[in-house]
Amino acid sequence: MKFLENVSLKEYNTFGIDVKARRMVVVEPRDFLGFAPPAVGGQWLDPQGKNLVLGAGSDVVFTRDYEGIVVLLANFHYSFSYMEQSLISAWGGMSMDSLVRWAVEYGFYGLENLSAIPGTVGAAVVQNVGAYGVEAKDVVERVVAYDMEQHRTCTFSNADCQFSYRDSMFKHHPGRYLLLRVFFRFSPTYTPNLSYKALEALPHDTAKEMRDSITALRWQKLPRPEEHGSAGSFFKNPMVDETIYNRIKAEYPDMPEAHKTADGYKLSAGWLIDKAGWKGKTLGRVGVWPQNALVLYNTGGCTGSEVVAMADAIVADIESKFGITLTPEAIII
């Protein structure tokens, strides 16, 4: 473990917001060799429970300095993934995209649609990330985590994780669980998942073609982190009942067809924001990405408070125009 004091978190969140952490603990795989608790027990944690587990910071907006302890899993890109009875296993601090690239290269199929998602393996589980027809819940078999309250390791099945849309059990217990290792199911045979209709028209004969197509499609719509800070898709797509869906569809015939689920109709938050005229607009030093209204981005030196102000303005406007309340996907701290 590495212990750091008064650390700037600007390089640890993709929005590039410049705040500080009073203390940071960087955890490496050898600290949990054999999934045993570290030798120092719980002494490395904040005694008052003010522990913030941070992956790549790709879904976080800091509005202030963090007075507790930031727990960071070191990012390892190699030798922490392997095959075990149709499963591949990855260290929680590994880049999710590195895992997908590795899986495609070695013929472990099923993760291709999650290509180019910024963030770590552990964060992908916490957020139940999803893209182009696949969510983490569709491929996760089990998770090994360290319980920072009870100072012990524990294993969670897929069902234990209580996955739902951009949500999991872990998200409701911030600062408690450190996701050490995630086991993913894979298939030895490549079968393209084309449930996201736009993929049908793109090259997908091989897993590499599918990955390349999805990566190119993603960066057509989203700002690259090295060029513009953002948290990716900022809002969840709202679920509405049939009455609300029919009302909006009648008023706006150009609205995209909603995805019908057991919980109702999932509308496009990006379309609602675009229709309300927010695409390309700025407020202070925060903007709405010109190619994707679902993305808020840092135009240069913005604060977390400015991000929240922009988000609040959009939420209020969408509620006024459509009678729908948007919920942030990003985590506000």
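Is tryptophan 271 buried or exposed, and at what relative accessibility? Tryptophan 271 counts as buried, at 13% relative accessibility; buried denotes under 20% relative accessible area, exposed over 50%, and partly exposed the range in between (1.4 Å probe, protein chains only).

The views below show a predicted model, in which local features need pLDDT of at least 70, side-chain atom pairs count only at pLDDT 80 or more, and totals for chains, interfaces and linings use all residues. Residues are numbered from 1 along each chain as its sequence is written, and side-chain values use heavy atoms, with hydrogens and water left out.

**View A. Aromatic pairing of tyrosine 252 with tryptophan 271.** These two residues form an edge-to-face aromatic pair, 5.9 Å centre to centre with 80° between the planes. Rings of Phe, Tyr and Trp (its six-membered ring) pair if their centres lie within 6.5 Å; planes under 30 degrees apart count as stacked, over 60 as edge-to-face and the rest as tilted. Tyrosine 252 is located in the loop between α4 and β14 and tryptophan 271 in helix α5, so the pair ties together parts 19 residues apart in sequence. Helices (H or I, at least four residues) and strands (E, at least two) are DSSP runs, numbered from the N terminus. Tyrosine 252 is also buried, at 18% relative accessibility.

View B. The structure holds 15 aromatic pairs. In one of these, phenylalanine 108 and phenylalanine 186 are tilted, with 4.6 Å centre to centre and 50° between the planes. Phenylalanine 108 belongs to the loop between α1 (96-105) and α2 (121-127), and phenylalanine 186 to the loop between β11 and α3 (207-221), so their pairing ties together parts that are 78 residues apart in sequence. Phenylalanine 108 is buried with a relative accessible area of 13%, and phenylalanine 186 is buried with 11%. Both rings are members of one aromatic cluster, together with Trp102 and Tyr106.

**View C. The nonpolar cores.** The largest nonpolar core has 51 residues, and Phe235, Leu296 and Ile314 have the most contacts inside it. Such a core is a set of buried Ala, Val, Leu, Ile, Met, Phe, Trp, Tyr and Cys residues joined through side-chain atoms within 4.5 Å. Elements that each supply at least two residues include β5 (66-73), α4 (242-251), α5 (269-275) and α6 (304-322). Helix α6 gives the largest share, seven residues. A second, separate core of 42 residues includes Leu99, Phe108, Met169 and Tyr177.

**View D. Strand β11 and its partners.** Eight of the nine residues of β11 (residues 177-185) are buried. Strand β6 (residues 87-91) pairs with β11 in the antiparallel sense over five bridges, where two strands pair if DSSP finds at least two bridges between them. Within β11, phenylalanine 184 stands opposite isoleucine 88. Strand β9 (residues 140-147) also pairs with β11 in the antiparallel sense, over seven bridges; valine 143 has valine 182 of β11 as its bridge partner.

**View E. The open sheet β13-β15-β14.** Three strands form this open, antiparallel sheet. Strands β13 (239-240) and β14 (259-261) stand at the edges with a single partner strand each, so one side of each is left without a neighbour in the sheet. Three bridges join β14 to the antiparallel strand β15 (residues 264-266), and histidine 259 has lysine 266 in β15 as its bridge partner.

**View F. Surroundings of asparagine 298.** Asparagine 298 is found in strand β18 (residues 295-298) and is buried, with a relative accessible area of 9%. A polar atom of its side chain lies 3.0 Å from the backbone oxygen of phenylalanine 15. The side chain of asparagine 298 also reaches the backbone nitrogen of cysteine 302 at 3.1 Å. Cysteine 302 is itself buried, with a relative accessible area of 4%.

**View G. Valine 27 in strand β2.** Valine 27 lies in β2 (residues 20-27) and counts as buried, at 0% relative accessibility. Beyond four places in sequence, the residues that valine 27 touches include Met1, Trp44, Trp91 and Leu178, where contact means heavy atoms within 4.5 Å. The C-alpha atoms of valine 27 and leucine 178 are separated by 9.8 Å, although the two residues are 151 residues apart along the chain.

Conventions:
A polar contact is a pair of N or O atoms within 3.5 Å; within protein, one must be able to donate a hydrogen and the other to accept it, and residues adjacent in sequence count only if both atoms are side-chain atoms.
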